[in-house]
Amino acid sequence: FPSHDTIVEEPKAKEDEKVALWSARNLRWTGVGYLSTGYNIVTKEAAEKWLGRQGVRIASPEEVATYYGK
């Protein structure tokens, strides 16, 4: 048993990395989610799956910023 003065650190929850994707059309995929036509922000894990679909590509941060007028 650890003594009372032992400090146990809780593992920090890793924040999901986000990826911007561009989709040519609305897509729905059971277990993965959905994409709307245009720009979408998804997790890195979901992006890896979506990138295998036709009409879906990675959107650069500059491209997304330009689209939204930043």
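Three aromatic pairs turn up in the structure, where rings of Phe, Tyr and Trp (its six-membered ring) pair if their centres lie within 6.5 Å, and planes under 30 degrees apart count as stacked, over 60 as edge-to-face and the rest as tilted. One of them brings together Tyr39 and Tyr67: the ring centres are 4.9 Å apart and the planes stand at 50°, so this pair is tilted. It ties together distant parts of the chain, since Tyr39 belongs to strand 4 and Tyr67 to helix 2 (residues 61-67), 28 residues apart. Helices (H or I, at least four residues) and strands (E, at least two) are DSSP runs, numbered from the N terminus. Tyr67 also pairs with Tyr68, this time edge-to-face, at 4.8 Å centre to centre and 90° between the planes. Put together, Tyr39, Tyr67 and Tyr68 make up one aromatic cluster.

This is a predicted model, in which local features need pLDDT of at least 70 and side-chain atom pairs count only at pLDDT 80 or more, while totals for chains, interfaces and linings use all residues. Residues are numbered from 1 along each chain as its sequence is written, and side-chain values use heavy atoms, with hydrogens and water left out.

As for accessibility, buried means under 20% relative accessible area, exposed over 50%, and partly exposed in between (1.4 Å probe, protein chains only). With 55%, Tyr67 is exposed, and Tyr68, at 51%, is exposed too.

Three strands form an open sheet in the order 4-1-5, with antiparallel pairing; two strands pair if DSSP finds at least two bridges between them. Strand 4 (38-43) and strand 5 (56-58) sit at the edges with a single partner strand each, so one side of each has no neighbour in the sheet. On average, neighbouring strands here are turned by 35° against each other, direction ignored, with axes taken as lines fitted to C-alpha atoms (for helices over the stretch in contact) and angles running from 0 to 180 degrees between N-to-C directions. Strand 1 (residues 18-23) is joined to the antiparallel strand 5 by 3 bridges, and Ser23 faces Val56 of strand 5.

Arg57 is partly exposed at 35% relative accessibility, and Glu63 is partly exposed at 23%.
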